[in-house]
Amino acid sequence: MNGNSKAGPAIALAGVNLSLGEGAARVHILKDIALNIGRGEAIGMVGPSGSGKSTLLMVMAGLERADSGSVRVTGENLGALDEDALARFRGRHIGIVFQSFHLIPTMTALENVAVPLELAGVADAQQRAAQELSAVGLAERMQHYPTQLSGGEQQRVAIARALAPDPAILVADEPTGNLDEATGTQIIDLLFAGHQRRATTLILVTHDPALAARCERVVRLRSGRIDGEGPA
Amino acid sequence: MSAVSLAPGGGAGRWLAARFALREMRGGLRGFYIFIACIALGVTAIAGVGSLAGSLTDGLARESRVILGGDLSLGLIHREADPAQIGYLASRGTLSTTASLRAMARAADGNAALVELKAVDAAYPLIGAVRLQPDMTLAAAIAERDGVYGAAADPTLLARLDLKPGDGVTIGNASVEIRAEITGEPDRLSIGIGFGPRLMVSEAALRASGLIQPGSLVRWQYRLALPEHQADDRRLSDLRADVTRRFPDAGWEIRTRTNASPMLERNVERFTQFLTIVGLTALLVGGVGVGNAVKSHLDRRRETIATMKALGATGTRVVAIYLTQVIVLAAIGGAIGLVCGAIIPFAVTGLFGAMIPLPIEPALQPGQLILSFIYGLLTALTFALWPLGRAHDVPVGALFRDAVAPQPAWPRRGYIGAVIACAAMLGVLSVVLSYDKRVALVYVGAAAATFLLLRLVAAGLMAIARHAPRARSTVLRMAVANIHRPAALTPTIVLSLGLGIALLVTVIEIDGNLRRQFTAALPEKAPSFYFLDIPSDDAGRFEGFLRGLAPAAKLEEVPLLRGRIVAAGGTQAENLKPSQDAAWVLQSDRGLTYSDVVPVGSRVVEGQWWGPDYEGPPLVSFEQKIAQGLGLKVGDPVTVNVLGRNINATIANLRKLDWESLGINFVLVFPPNTFRGAPHTHMATLTYPDGGSAAQESAVIRAVARDFPTVTTVRVKDALDAIGGLIGNLVLGIRAASAVTLLAAGLVLGGALAAGHQHRVYDAVILKTLGATRRRLLTAYLIEYLLLGVATAVFGVLSGSLAAWLITSQLMNLGFQWAAIPAIAATCGAVALTVVLGLLGTFSALGQKPAPVLRNL
């Protein structure tokens with residue numbers, strides 16, 4: 001079972017605004033965003049640099065708080081949660097894949113994947129992490145440290161880590177941005193395989209129209225606003 | 001596959017922070033060496049001082065019977081115990097009687113030297129043995145043989161008078177033959193500092209010498225060894241109470257084996273406290289290094305922390321992980337410190353045992369070791385909790401390329417509270433466990449103020465740099481910008497260098513003032529000689545003799561008695577709570593005098609001086625500061641035991657004295673009628689207007705020894721040399737302990753500069769890419785370090801001098817004179833070291849090729 005059992009969309013945003021920076025450097029990044037994403041849906045988010053894609057992703061993942069508006073994820077109003085509750089919520093319901101992988105350099109691949117499970121108090125964290133790593137084809141590399149892995153392998157570890165807690169929502173921020181084309185394709189295949197197998201809601205931020213086209217729906221952002229959306 | 005459990009915890013959850021922390025540390029302790037070294041150094045200092053002091057206290061306790069010379073010791077000044085008292089004491093155990101006094105030993109060639117004469121009976125020593133060279137019994141050495149008394153002497157006396165065993169010396173009116181050198185005297189420690197070498201004779205020889213005159217300064221000591229079945233602590237305490245009850249007016253100083261050497265124990269405690277404070281300073285300076293190490297570790301782990309939070313770790317859990325690491329590291333540093341500190345007493349006795357005249361009993365001191373470990377842990381927590389608290393709020397947004405979320409500079413209130421709580425615990429612990437709580441409180445306050453001041457100095461420097469007019473020179477502009485830019489090294493350098501220089505200057509100034517006080521030039525008006533034990537009847541003749549001998553010199557002569565304050569202000573002396581400055585007056589017999597005029601060198605500041613022919617009830621004039629320290633005022637009653645008689649006097653006036661003149665000063669002065677008819681002696685001082693030459697002084701010593709054999713001549717320079725030697729040892733201890741602190745400061749400074757290395761490489765590469773030459777960069781760094789170093793040095797010199805002035809004038813009650821040259825020289829050295837260290841660190845940064853660094857930015 002994926003995430004929250006309540007009915008309704010996986011993510012519901014209404015009137016979301018967000019500014020960042022201080023004083024004169026303050027920039028209004030997200031402007032009046034309204035967006036519903038259904039459960040199990042795959043969304044591609046595209047737009048030029050600085051359009052607010054990553055920031056919107058952070059808001060949906062509970063990593064950034066909106067200044068105004070409503071952010072509901074799996075029915076939970078994220079605005080009502082404090083920092084620690086948000087952290088716990090993320091740990092259980094949201095898997096994140098970063099462009100720069102962000103593996104913990106002092107931990108092996110296996111330990112990296114086990115981290116969210118251990119944080120959530122899963123008893124057999126190591127076994128489940130091992131299963132996830134096998135699922136992304138890294139059964140032989142479990143005891144390797146991030147620096148001993150190639151970029152593609154590191155991103156596969158990151159995907160295994162994101163999927164390990166079986167999250168309701170999987171967000172990926174330019175997951176192939178630091179990879180060559182062939183490796184990027186493998187990574188995307190893995191992401192979509194995970195999404196389909198587990199019926200996870202997938203939100204993919206990308207510059208690549210072809211990649212976005214693999215999603216069921218594409219949302220275009222421009223200058224912090226939704227500039228259009230529709231089927232890929 | 002099911003969703004993860006919603007209930008974290010269980011056994012695995014509890015140990016999660018520890019597991020994650022240890023996982024991170026698997027790669028080794030790189031980056032933490034300075035952290036560990038800082039804690040280890042401080043803990044070593046505190047554990048070492050505590051262990052050594054503990055071992056010494058154990059040794060004193062174990063040797064207490066030997067040091068005291070029995071189970072119970074009763075001391076009388078001027079007079080012997082009466083037959084009833086002796087009879088009572090002899091009925092309670094084995095009794096031994098000794099008499100000690102200062103006297104002059106005159107060799108056949110006319111040379112004379114001050115000796116600490118000790119006359120002993122056949123029972124002496126009750127415990128232990130006197131070791132002699134050549135090997136013989138004490139009885140044999142001091143026995144009368146063919147009408148000549150024997151003696152044993154300290155080797156120093158033989159060297160001083162160019163004598164060898166078999167030669168004779170004259171003591172008073174008796175000739176004695178020195179038959180052996182004393183190589184070990186069991187009860188030597190209970191006496192304190194001696195101004196001359198020991199000469200031991202029989203009681204009969206002393207009586208034959210004629211030195212025992214009414215009022216002469218003889219200390220009679222009665223030692224009692226109890227039968228084994230009656231020697232437990234309770235019976236000993238009962239016996240002491242019984243002695244006091246039976247002979248309430250005896251006026252003797254009673255010591256039991258449980259306080260065999262109270263003065264020495266007090267000094268050990270006082271010095272231990274001082275060294276512990278120096279050790280604590282080392283720990284506090286090291287704390288800065290701990291804070292820096294934790295901050296740079298967490299800076300390096302920012303991405304990891306953000307990642308963990310993205311994966312569901314709460315801020316509290318993140319802090320728990322890194323707090324665990326801090327505790328583990330502090331424990332490693334503390335353990336190293338414990339081992340090093342625990343070894344110190346063993347090492348000291350092993351290496352210097354033969355040179356130290358103290359019974360150090362090297363042993364593990366678990367209490368001291370645990371305490372120093374706690375100090376280490378608390379210091380680490382105090383300095384680490386701030387950066388740890390900030391890690392709580394590392395934004396996850398840091399992981400996204402266009403995130404610009406800033407991190408707050410202050411941690412949450414809970415962490416600030418924890419920092420304050422740990423610092424308070426450190427403060428409370430160091431005050432509660434200290435010997436002198438007032439000194440400890442001053443130290444804690446001064447330490448807190450210094451930290452605060454140094455932070456303010458750093459903030460001020462950064463503010464000045466920020467608002468300084470834009471320099472036209474690019475190099476200067478870069479240097480100034482480096483001082484105030486975010487993540488600048490300014491606060492750390494100011495803190496470590498400032499503390500280092502302040503401590504260095506404090507130690508140098510105290511050191512210099514102590515040496516000046518006791519070993520350098522004497523005050524111009526200081527006398528060259530003190531003459532003691534001038535018989536009352538001979539006082540006039542002696543005065544005339546000296547005037548003939550040194551017509552140009554100033555002669556002062558006063559009657560001298562010894563007395564003990566037994567009650568003051570209606571309270572028994574043992575129940576009085578004197579201030580630190582005044583306590584010494586109650587600790588033993590004090591010299592006192594009588595006069596019908598205000599003594600030279602003092603003036604009445606309160607009350608009235610009695611008239612020249614005062615015949616009323618006993619009055620007394622009290623030194624003002626001591627009276628205040630004892631809580632006394634004009635009109636209060638004071639009871640003083642003189643020659644076994646309690647004199648109940650009323651304070652008539654208070655006087656101010658110039659102690660440093662080394663003139664004849666007395667805390668207590670009575671009207672002449674108080675002691676009319678009482679046996680006493682006189683003392684005199686002789687002061688040459690030009691300070692006197694060695695030849696003049698030598699002539700006086702020889703002449704007085706020849707014509708007045710019972711008068712004791714104390715050459716002030718010799719007495720000050722004896723104290724100077726002791727001060728030299730104290731200063732050595734202070735220097736050794738301070739070196740630990742300076743080492744810690746150096747470590748912190750080095751660590752801070754190393755931590756800034758990454759920024760330097762980045763700056764250097766970017767600036768080189770933009771066209772800056774290496775020479776230009778080096779100049780910029782040089783100016784930056786010089787500006788920082790000089791500004792910090794000014795603060796360090798000022799605060800160090802202030803601390804030295806406070807300690808010298810307020811705690812030690814000595815005059816303070818600022819020595820500019822050594823302070824400035826040391827400061828220049830410290831600044832130069834900082835600049836060199838800084839430049840060494842940046843030199844490799846300058847050599848970096850831009851391309852590889854830029855690719856990895």
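Visitor: Across which strands of chain A does helix α1 lie, and at about what angle does it run to β8(A)?

Guide: In this predicted model, helix α1 (residues 53-60) of chain A lies across β3 (42-46), β7, β8 and β9 (217-222) of chain A, and it runs at about 155 degrees to β8(A).

Visitor: In what order do the six strands of that open sheet come?

Guide: As a general idea, strands of a sheet pair through backbone hydrogen bonds, either parallel or antiparallel. Here the six strands follow the order β6-β7-β8-β3-β9-β10 in chain A, and the pairing is mixed. At the edges stand β6 (94-97) and β10 (225-231) of chain A, each with a single partner strand, so one side of each is left without a neighbour in the sheet. From one strand to the next, the twist averages 15 degrees.

Visitor: How many bridges join β7 to β8 of chain A?

Guide: There are five bridges between strand β7 (residues 169-173) of chain A and strand β8 (residues 201-205) of chain A, and these two strands run parallel. To find your way along β8(A), look for Ile203(A), which has Val171(A) standing opposite.

Visitor: How should I read a pair of helices, and at what angle do α4 and α5 of chain A cross?

Guide: Two packed helices are described by the angle between their axes and the distance between the axes. For helix α4 (residues 125-135) and helix α5 (residues 151-163) of chain A, the axes come within 9 Å and cross at roughly 130 degrees. The helices α4(A) and α5(A) are therefore oblique to each other, and α4(A) passes α5(A) in a right-handed crossing. The contact is made on the α4(A) side by Glu132(A), Leu133(A) and Ala135(A), and on the α5(A) side by Val157(A), Ala160(A) and Leu163(A).

Visitor: Stepping back, how many helices and strands does chain A have?

Guide: The secondary structure of chain A comes to seven helices and ten strands. Its radius of gyration is 17 Å, close to the 17 Å that the globule rule gives for 232 residues, so chain A is as compact as a globular protein of that length. Of those 232 residues, 53% count as buried.

Visitor: Turning to chain B, is Trp410(B) buried or exposed?

Guide: Trp410(B) is exposed, because 11 other C-beta atoms lie within 10 Å, and a residue counts as exposed at 12 or fewer. Trp410(B) lies in the loop between α13 (366-391) and α14 (413-432) of chain B.

Terms used
Residues are numbered from 1 along each chain as its sequence is written. Chains are lettered from A and ligands numbered from 1 in the order in which they are written. This is a predicted model: local features need pLDDT of at least 70, side-chain atom pairs count only at pLDDT 80 or more; totals for chains, interfaces and linings use all residues. Helices (H or I, at least four residues) and strands (E, at least two) are DSSP runs, numbered from the N terminus. The radius of gyration is taken over C-alpha atoms; the globule rule is 2.2 Å times the number of residues to the power 0.38. A residue is buried if 20 or more other C-beta atoms lie within 10 Å of its own, exposed if 12 or fewer, and partly exposed in between; C-beta atoms are placed from the backbone. Two strands pair if DSSP finds at least two bridges between them. Axes are lines fitted to C-alpha atoms, for helices over the stretch in contact, and angles run from 0 to 180 degrees between N-to-C directions. Two residues are in contact if their C-beta atoms, placed from the backbone, lie within 7 Å. Angles under 35 degrees count as roughly parallel, over 145 as roughly antiparallel, 65 to 115 as roughly perpendicular and the rest as oblique. A crossing is left-handed if the near helix is turned anticlockwise from the far one by less than a right angle, and right-handed if clockwise.
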